[in-house]
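I opened the model today and kept notes as I went. The entries below follow the order in which I looked things up.

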Amino acid sequence: MRRETRERQILDAAVEVFGECGYQDSSLEAIADRVGVTRPVLHTHFGTKDALFEACVARAKTELLEVTSAAAALADSP
C-alpha cells in the first residue's frame, strides 16, 4: 500500500477515535485496531499520539481553508 494511502487511513481512524473518546481517552492501540494495523505502524508514520493529533488538526485546518476559500470565490462571482 502506498504511504499516502496508509496515512490517510490512519488519519481517518484517528479523527473518529479522537472524536468519540476525546484526546485523553484515545489510545494508539484503538486507532491501530480501527485501521487494522499494529501500533508500530502508527509510530512509523506519525511517531507519537501528539504528532498524530497534530496531523489530524492540520488536515482539518487545510480542509476548512479549502472549503471557505471555495465558498468565498463563489460568493464573489457574478
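**Entry 1**

I began with Glu63, which is partly exposed, with a relative accessible area of 42%. My cut-offs: buried is under 20% relative accessible area, exposed is over 50%, and partly exposed is in between (1.4 Å probe, protein chains only). The model is predicted, so I kept to local features with pLDDT of at least 70 and side-chain atom pairs at pLDDT 80 or more, while totals for chains, interfaces and linings use all residues. Residues are numbered from 1 along each chain as its sequence is written, and side-chain values use heavy atoms, without hydrogens and water.

Next I looked up what Glu63 pairs with. Its side chain meets that of Arg59 in a salt bridge, 3.8 Å from N to O. I count a salt bridge when a side-chain nitrogen of Lys or Arg is within 4 Å of a carboxyl oxygen of Asp or Glu. Both residues sit in helix α4, four residues apart, about one turn of the helix. Helices here are DSSP runs (H or I, at least four residues), numbered from the N terminus. Arg59 has 22% relative accessibility, so I noted it as partly exposed. Salt bridges with shared partners join Asp12, Arg59 and Glu63 into one network.

**Entry 1: other salt bridges**

How many salt bridges does the rule give? The count comes to seven.

I looked at the one between Arg3 and Glu7, with N and O 3.0 Å apart. Both residues lie in helix α1, four residues apart, about one turn of the helix. Arg3 is partly exposed, at 44% relative accessibility.

Then I turned to Glu29 and Arg39. Their closest N and O atoms are 2.4 Å apart, in a salt bridge. This pair links distant parts of the chain: Glu29 belongs to helix α2 (residues 28-35) and Arg39 to helix α3 (residues 39-46), 10 residues apart. Glu29 is partly exposed at 38% relative accessibility. Arg39 is partly exposed too, with a relative accessible area of 36%.

**Entry 2: α2 against α3**

Two packed helices are described by the angle between their axes and the distance between the axes. I read off both for α2 and α3: an angle of about 100 degrees, with the axes 8 Å apart. The axes are lines fitted to C-alpha atoms over the stretch in contact, and angles run from 0 to 180 degrees between N-to-C directions. The two helices are therefore roughly perpendicular to each other. That label covers 65 to 115 degrees; under 35 is roughly parallel, over 145 roughly antiparallel, and the rest oblique.

Which residues make the contact? I found Leu28, Glu29, Ile31 and Ala32 on α2, and Arg39, Leu42 and His43 on α3. Contact means heavy atoms within 4.5 Å. These residues divide into four nonpolar, one polar and two charged.

**Entry 3: α1 against α4**

I moved on to helix α1 (residues 3-25) and helix α4 (residues 49-76). Their axes come within 10 Å and cross at roughly 105 degrees. That makes α1 roughly perpendicular to α4. On the α1 side, the contact includes Ile10, Leu11, Asp12 and Phe18; on the α4 side, it includes Leu52, Phe53, Cys56 and Arg59. The residues of this contact divide into 10 nonpolar, one polar and five charged.

I also checked Ala60, which lies in helix α4. Its C-alpha atom is separated by 9.4 Å from that of Val15, 45 residues apart along the chain. Ala60 is partly exposed, with a relative accessible area of 41%.

A polar atom of its side chain lies 3.3 Å from the backbone oxygen of Val17. Not counting residues up to four places away in sequence, Ser26 touches Val17, Phe18, Cys21 and Lys49.

My last stop was His45, in helix α3. His45 counts as buried, at 16% relative accessibility. Its side chain makes a polar contact with the side chain of Glu7 at 3.2 Å. A polar contact is a pair of N or O atoms within 3.5 Å; within protein, one must be able to donate a hydrogen and the other to accept it, and residues adjacent in sequence count only if both atoms are side-chain atoms. Leaving aside neighbours within four places in sequence, His45 is in contact with Arg3, Arg6, Glu7 and Ile10.

How values were computed
Nonpolar A, V, L, I, M, F, W, Y, C, P; charged D, E, K, R; others polar.
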